[in-house]
Amino acid sequence: MLNAPATWEGIQVWDLVGRLSGQVRVAPRSVIGWDMGAALGLAEALGVSCAAVAELLPAVEAVMV
């Protein structure tokens, strides 16, 4: 795959992205991003590197929004 994660941390963050569907911030009629506090809490609970999440998740969030 062209955009497949190339590192273990990337794979873990991509899995985390799939789990964040209910953790969105919304404005009237639009999604404006993920709840990063909830994302980091979930990452910690799953044993995912919070440093990797802080580095990679904003880039994925920008595309998602």
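Predicted model: local features only at pLDDT ≥ 70, side-chain atom pairs only at ≥ 80, totals over all residues.

Guide: Residues are numbered from 1 along each chain as its sequence is written, and side-chain values use heavy atoms, with hydrogens and water left out.

Visitor: Which element gives the largest share of the lining of the largest pocket?

Guide: A pocket is an open set of points on a 1 Å grid over the protein atoms alone, where a 1.4 Å probe fits, with protein on both sides within 12 Å along at least five of seven lines, and its lining residues have an atom within 4 Å of a point. The largest pocket has a volume of about 290 Å³, a volume being the space filled by probe spheres set on the points, which are joined across faces, edges and corners. Two elements give two or more residues to this lining, helix H1 (8-19) and helix H3 (50-64), where a helix is a DSSP run (H or I) of at least four residues and a strand (E) one of at least two, numbered from the N terminus. The largest share, four residues, comes from H1.

Visitor: How is Val-31 classed, buried, partly exposed or exposed?

Guide: Val-31 is found in strand E2 (residues 30-34). Buried means under 20% relative accessible area, exposed over 50%, and partly exposed in between, with a 1.4 Å probe and protein chains only. Val-31 has 36% relative accessibility, so the residue counts as partly exposed.

Visitor: Which residue forms a salt bridge with Asp-15?

Guide: A salt bridge is a side-chain nitrogen of Lys or Arg within 4 Å of a carboxyl oxygen of Asp or Glu, and a search of the whole structure finds two. With the closest N and O atoms 2.9 Å apart, the partner of Asp-15 is Arg-19.

Visitor: How many residues apart in sequence are the parts that Glu-61 and Arg-25 tie together?

Guide: Glu-61 forms a salt bridge with Arg-25, and their closest N and O atoms are 3.8 Å apart. Glu-61 is buried at a relative accessible area of 13%, whereas Arg-25 is partly exposed at 39%. Glu-61 lies in helix H3 and Arg-25 in strand E1 (residues 24-27), so the parts tied together are apart in sequence by 36 residues.
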